[in-house]
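Please examine the model below alongside its sequence. The paragraphs that follow lead from the overall layout to individual sites.

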Amino acid sequence: MYDAPARRAALAMVAAGASLSEVSRTTGIHRSTLRAWASTEATVALECFRCSSLHPTDGAAYAALLGYYLGDGCVSTFRRRTTFRVSCDASLPGIVEDVSGLVGRVRPGGGVFRVRAPGVVVVSSNWKHWPCLFPQHGPGRKHDRPIVLADWQRDVVTAHPADFLRGLFHSDGCRAHNWATRVVRGEKRRYEYPRWQFTNRSDDIRALCCWALDLVEVPWRRSGAWVVSVSRREAVARLDELIGPKT
Ligand SMILES: [Zn+2]
């Protein structure tokens with residue numbers, strides 16, 4: 001008997017184009033076993049970690065993609081084709097790369113497409129299992145319906161809170177600079193105060209952002225009806241370190 005990670009690793013090699021003989025030599029798993037795995041519908045189920053009742057193989061990638069999904073993503077079905085999309089700012093190619101890479105890590109072997117529109121690059125992938133991975137999908141806008149994470153999603157975020165925060169802040173967040181003047185020894189000086197702000201109309205999504213900030217012990221406060229701010233100097237530095245700049 002082989003455990004699930006060994007089976008997934010072997011099937012991932014097959015999916016990446018290795019022959020059964022090569023995979024057999026590398027893993028020590030007999031070719032007939034590999035053939036049985038690869039040829040049955042088990043392959044289809046194993047591709048989607050939810051249908052095989054498993055946690056994601058790449059939890060960090062899933063946590064980040066979940067953040068991007070809650071920020072600027074959607075799952076939709078049209079004429080039996082199910083598509084996952086994340087809309088990215090076209091002026092931030094680093095984020096387009098990040099999202100494209102994450103889609104590839106969450107769904108190895110699947111195609112990732114980029115569609116350009118004025119000011120926007122939409123990263124998309126067609127797969128009938130996207131709704132398994134993002135059970136928050138539904139009609140209408142996210143702020144008009146409850147957004148509640150499943151227990152397994154909370155487990156993934158708890159294990160990878162920084163990745164989740166990167167997805168949230170790099171989609172619906174910004175790093176702003178505030179200026180203030182202060183008189184020091186009779187001299188007027190200008191100080192710069194950077195801060196991160198997360199803006200989302202969904203109370204539930206803002207609450208998830210606050211929960212993840214608590215997990216990494218970064219203090220925050222509400223600074224508007226739809227805004228969560230991280231503005232203390234050490235907190236901004238810590239968040240910079242955890243999620244990196246928007247590029
Ligand atoms: Zn599935």
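The secondary structure of the chain, in this predicted model, amounts to 11 helices and 8 strands. Along its principal axes, the C-alpha trace extends over about 85 × 40 × 35 Å. The chain is divided into domain 1 (4–47), domain 2 (59–144) and domain 3 (171–243). Between the centres of domain 1 and domain 3, taken over C-alpha atoms, the separation is 47 Å. Of the 247 residues, 42% count as buried. Among contacts between residues at least 6 apart in sequence, 61% join residues at least 24 apart.

The interior may be considered next. In soluble globular proteins, nonpolar side chains tend to be buried together. Here the largest nonpolar core comprises 55 residues, and within this core Trp 130 and Phe 134 touch the most other members. Helix α5 (residues 59–72) gives the most to this core, contributing 9 residues. Because domain 2 (59–144) and domain 3 (171–243) both supply residues to this core, the core lies between them. Not counting residues up to four places away in sequence, Trp 130 touches Leu 65, Val 75, Thr 82, Phe 84, Val 103, Val 106, Arg 107 and Ser 125.

Attention now turns to strand β8. In a regular strand the side chains alternate between the two faces of the sheet. Strand β8 (residues 227–230) is covered on both faces: Val 227 and Ser 229 are buried on one side, and Val 228 and Val 230 are buried on the other. Strand β6 (residues 187–199) pairs with β8 in the antiparallel sense over 4 bridges, and Ser 229 in β8 is the bridge partner of Gln 197. Strand β7 (residues 221–224) also runs antiparallel to β8, joined to it by 3 bridges. Val 227 in β8 is the bridge partner of Gly 224. With 2 residues between them, β7 and β8 form a hairpin.

Most residues other than glycine have a negative phi. Arg 79, although not a glycine, has a positive phi of about 50°. This residue lies in the loop between β1 (73–78) and β2 (81–89). Is Arg 79 buried or exposed? Because its relative accessibility is 73%, above the 50% cut-off, Arg 79 counts as exposed. Arg 185 likewise has a positive phi of about 50° without being a glycine, and is found in the loop between β5 (173–184) and β6. At 77% relative accessibility, Arg 185 also counts as exposed.

Terms used: Residues numbered from 1 in each chain as written. Predicted model: local features only at pLDDT ≥ 70, side-chain atom pairs only at ≥ 80, totals over all residues. Heavy atoms only, no water. Core = buried A, V, L, I, M, F, W, Y, C linked by side-chain atoms within 4.5 Å. Buried < 20%, exposed > 50% of the residue type's maximum accessible area, 1.4 Å probe, protein only. Domains from an automatic or database assignment. Contact = heavy atoms within 4.5 Å. Pairing = 2+ DSSP bridges.
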